[in-house]
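Trainee: I am new to this structure. Could you take me through one part of it closely?

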Amino acid sequence: RIVQEQTNNIIKYSKATEAYISIQKKNNLCNLIISDNGKGFDKTQQKNKGIGFINIFNRADAYNGKVEIDTAPDKGCKLVITFPLLKR
């Protein structure tokens with residue numbers, strides 16, 4: 001669902017020509033990285049209030065995850081969502 005929300009954001013708002021999605025396992029964590037080369041935005045103005053970002057933060061929180069957003073105007077956007085791996 002997180003990938004779907006951010007992909008939708010990229011298509012609707014970013015004007016990106018490229019997007020990158022990666023899932024990496026590191027130690028006992030799973031990192032989901034979604035980035036684009038679009039127009040980016042000013043985080044201080046956006047304040048993550050869009051329904052897409054609210055859904056992303058809520059979904060990450062439901063799985064004890066953490067969301068980091070790296071963006072700036074004309075610098076694209078990179079989301080890094082880190083989840084603890086479940087023990088089996």
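Mentor: Here is a close look at one helix and its surroundings.

This is a predicted model, where local features need pLDDT of at least 70, side-chain atom pairs count only at pLDDT 80 or more, and totals for chains, interfaces and linings use all residues. Residues are numbered from 1 along each chain as its sequence is written, and side-chain values use heavy atoms, with hydrogens and water left out.

Start with helix α3, residues 51-62. Helices are DSSP runs of H or I with at least four residues, numbered from the N terminus. α3 has 12 residues and reaches 16 Å from first C-alpha to last. That is close to the 16 Å expected at 1.5 Å a residue, taken as 1.5 Å times one less than the number of residues.

Now its two sides. Gly52, Phe53, Ile56 and Ala60 are the buried residues of α3. They sit on the same side of α3, because they cover an arc of only 95 degrees around the axis. The arc is that of the directions from the helix axis to the C-beta atoms. Ile51, Asp61 and Ala62 are exposed, on the face turned away from the buried side. Buried means under 20% relative accessible area, exposed over 50% (1.4 Å probe, protein chains only).

What meets α3? Look at glutamate 5, in helix α1, residues 2-14. Glutamate 5 is buried, at 8% relative accessible area. Beyond neighbours within four places in sequence, glutamate 5 is in contact (heavy atoms within 4.5 Å) with Gly52, Asn55 and Ile56. The C-alpha atoms of glutamate 5 and glycine 52 are 5.6 Å apart, though 47 residues separate them along the chain.

Last, the end. Asparagine 64 follows α3, with a positive phi near 60 degrees.

Definitions and conventions: Helix = DSSP H or I, 4+ residues; strand = E, 2+ residues; numbered from the N terminus.
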